[in-house]
Structure formats: structure tokens, C-alpha cells
Amino acid sequence: MIQDGSILATAIPAITKEFNSFGDVAWYGSSYLFAVSALQLLYGKLYTMYSVKWTFLVAVFILEIGSLVAGVAPNSNTIIVGRTISGAGASGVYVGCILIVAHTVSLRQRPICVGILASTHGLASVVGPM
């Protein structure tokens with residue numbers, strides 16, 4: 001999930017060739033990012049209304065369902081739908097990771113934990129496509 005953008009960048013040529021879908025190239029990444037951006041505030045509200053644990057687990061489940069849909073896609077449009085579903089789940093995972101740190105780590109240790117989350121993102125962006 002974290003390295004999603006960098007992995008996709010290396011896979012786009014193969015996807016485009018397989019489905020002969022050059023016109024859909026922009027949607028592969030945009031659909032994911034649109035869902036992530038659009039749903040962060042909603043997930044923030046869901047995390048305040050419901051259990052953090054179960055909201056996080058539902059977000060992970062949605063992310064995995066979207067990955068499954070995109071992974072078994074028979075055409076380009078299904079990949080886009082799957083990536084949108086993945087983005088909907090990833091939005092909850094992003095918000096949840098920060099919220100879990102805020103709920104479980106002392107105020108003094110939070111910058112270190114958030115730094116670890118950010119460095120993990122950077123590391124995954126480099127190592128993921130390999």
C-alpha cells in the first residue's frame with residue numbers, strides 16, 4: 001500500500017500493453033489518489049464514532065478487496081475500479097496509523113514514531129518496485 005505509486009509506475013507499461021488501454025493510463029494512479037484524498041476526513045469522523053481497532057481492520061479489509069479486484073482484473077476499467085476501492089481502504093489505513101500512534105504513544109515519543117512511519121514510507125517507495 002505504502003509503495004503503491006512507485007510500484008504502479010513500473011507496471012504501467014505492461015498494463016497498457018496487456019489491455020491496449022493507453023487512454024486509461026492517467027486513471028491508474030489518479031483513481032487511487034482521489035479516493036485517498038477524498039475520504040480522509042470521513043475516516044477521521046469514523047474513527048471518533050467507532051472503535052479504532054475495528055475501523056482500522058475494516059479499512060485494511062477494503063484495501064485488500066480493492067487489491068484483489070485490481071489483481072484479477074480482466075480489463076482496464078476493472079483495474080481502475082479496484083484501485084479506487086484500494087484507495088478508499090488506504091485512506092483509512094493512513095489516518096488510522098497516525099491515530100493509533102496518537103492513542104498509544106506518549107506525547108514525548110510521538111515525533112519518533114511518526115518519523116518511523118514516514119521513513120518506512122520512504123524506504124518502501126525505494127525497495128517496493130525492486
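Is the crossing of H4 and H5 left-handed or right-handed? H4 and H5 cross in the right-handed sense; a crossing is right-handed if the near helix is turned clockwise from the far one by less than a right angle, and left-handed if anticlockwise.

This is a predicted model, in which local features need pLDDT of at least 70 and side-chain atom pairs count only at pLDDT 80 or more, while totals for chains, interfaces and linings use all residues. Residues are numbered from 1 along each chain as its sequence is written, and side-chain values use heavy atoms, with hydrogens and water left out.

1. H4 and H5. Helix H5 covers residues 110-127 and packs on H4 at about 155°, the axes being 10 Å apart. Axes are lines fitted to C-alpha atoms, for helices over the stretch in contact, and angles run from 0 to 180 degrees between N-to-C directions. H4 and H5 are therefore roughly antiparallel (an angle over 145 degrees). Helices are DSSP runs (H or I, at least four residues), numbered from the N terminus.

2. H2 and H4. Helix H2 (residues 25-49) meets helix H4 (residues 76-104) at an angle of about 35°, with 7 Å between the axes. The residues of this contact comprise 15 nonpolar, 12 polar and one charged. Here Ala, Val, Leu, Ile, Met, Phe, Trp, Tyr, Cys and Pro count as nonpolar, Asp, Glu, Lys and Arg as charged, and the others, Gly among them, as polar. H2 passes H4 in a right-handed crossing.

3. Nonpolar cores. The largest nonpolar core has 11 residues, including Tyr32, Phe56, Leu63 and Val93. H2, helix H3 (52-71) and H4 each supply at least two of its residues. Another core, of seven residues, lies apart from it, and Leu8, Ile15, Tyr28 and Ile79 are among its members. A nonpolar core is a set of buried Ala, Val, Leu, Ile, Met, Phe, Trp, Tyr and Cys residues joined through side-chain atoms within 4.5 Å. Buried means under 20% relative accessible area, exposed over 50%, and partly exposed in between (1.4 Å probe, protein chains only).

4. Asn20. This residue is in the loop between helix H1 (4-19) and H2. Asn20 has a positive phi of about 50° although it is not a glycine. Most residues other than glycine have a negative phi. Asn20 is exposed, at 72% relative accessible area.

5. Cysteines. The disulfide count is zero, a disulfide being a pair of cysteine sulfur atoms within 2.5 Å. The sulfur of Cys97 has its closest cysteine sulfur in Cys113, 12 Å away, which is too far for a bond. Cys97 is partly exposed at 25% relative accessibility, and Cys113 is partly exposed at 23%.

Terms used
Parallel < 35°, antiparallel > 145°, perpendicular 65-115°, else oblique.
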